[in-house]
Amino acid sequence: MTSRTPVLSFKGVNTHYGAVHILKDVDIDIYAGEMVSLLGGNASGKTTTLKTILGYVKPTSGQVLLDGEDVSDWPTAERVGRGVTMVPENRRLFKRMTVKENLEIGAYLRPGEDLSSDYDRVFELFPRVKERLAQKAGTLSGGEQQMVAMGRALMARPKVLLMDEPSMGLAPVLVAQNFEIIERINKAGTTVFVVEQNANMALSIADRGYVLQTGKIVLDDTAEGLLANPQMRQAYLGEV
Ligand SMILES: Nc1ncnc2c1ncn2[C@@H]1O[C@H](COP(=O)(O)OP(=O)(O)OP(=O)(O)O)[C@@H](O)[C@H]1O
Ligand SMILES: [Mg+2]
């Protein structure tokens, strides 16, 4: 067997907000091409994990590695430059800017470049976005905002796409559509790390998953393994 270097790793990561200990000795390894889910209840530290990957939160101990390189002290922009992009919780579009301007911002690290193939890719995945280019992002429906947020992230041509609760606030039919698109993005070669409370949906398309409970990884298995795990079924998959 050949040993591979993960595209993204946490090694014994601890984080604090002030005196409050959030992530506790978190170890994560994600390999190129994988689709991995991070599951857990409210306030378990899921968003903090994504923010720590991008450097919005700095570990108090432990390391964040990209392609085997310790980036724990790197500023966010340099990590984005390495191909890591996030679709944040609640989309966070620039509401008074147009859809087109929001997409353009996604490609801010490539100023002056021809972006037509990037736009084409976004329009192919989200035909609705093309129809709404001149509309102010703040006036889009929730589902449309999620499409633009994903489109904006794709404009950065990410190697690793981080998604924070893409199904939040969406009707079930849109959730299913969204996950189908995430699967297509992953199959086209982008590594995906997706935070979800909707464990059933996330595990239906993921290769593997981690489960966080009050900042600790309590389970770490293949998607099939997690779906069959009694502890998991009781706590996160809606069985009592
Ligand atoms: N900037 C901050 N300052 C202080 N505490 C914070 C800060 N951000 C998050 N926290 C706390 O850290 C804990 C973990 O928050 P986090 O946002 O990572 O949880 P989460 O798993 O994403 O939850 P949710 O599912 O509700 O989005 C929570 O108790 C939260 O209140
Ligand atoms: Mg969160």
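**Close-up views of a predicted model**

View 1. Glutamate 89 counts as partly exposed because its relative accessibility is 23%. The model shown here and in the other views is predicted.

**View 2. Strand S9 and its covering.** Strand S9 spans residues 160–164 and is mostly covered, with five of its five residues buried. Val160, Leu162 and Asp164 point one way from the strand, and Leu161 and Met163 point the other way. Residues on both sides are buried.

**View 3. Neighbours of strand S9.** S9 pairs with S8 in the parallel sense, over four bridges. In this pairing, methionine 163 of S9 stands opposite valine 87. S9 is also joined by five bridges to strand S10 (residues 191–196), and these two run parallel. Here leucine 162 has phenylalanine 193 in S10 as its bridge partner. Between S9 and S10 the chain passes through helix H7 (residues 172–187), forming a right-handed β-α-β crossover.

**View 4. Surroundings of serine 37.** Serine 37 lies in strand S5, which covers residues 35–40. Serine 37 counts as buried because its relative accessibility is 0%, and the cut-off for buried is under 20%. Apart from neighbours within four places in sequence, serine 37 is in contact with Phe193, Val194, Ala202, Leu203, Ala206, Arg208, Gly209 and Tyr210. One of these, phenylalanine 193, is the S10 bridge partner of leucine 162.

Note on methods
Residues numbered from 1 in each chain as written. Chains lettered and ligands numbered in written order. Predicted model: local features only at pLDDT ≥ 70, side-chain atom pairs only at ≥ 80, totals over all residues. Heavy atoms only, no water. Buried < 20%, exposed > 50% of the residue type's maximum accessible area, 1.4 Å probe, protein only. Contact = heavy atoms within 4.5 Å. Pairing = 2+ DSSP bridges. Right-handed = clockwise from strand over helix to strand, strands pointing away.
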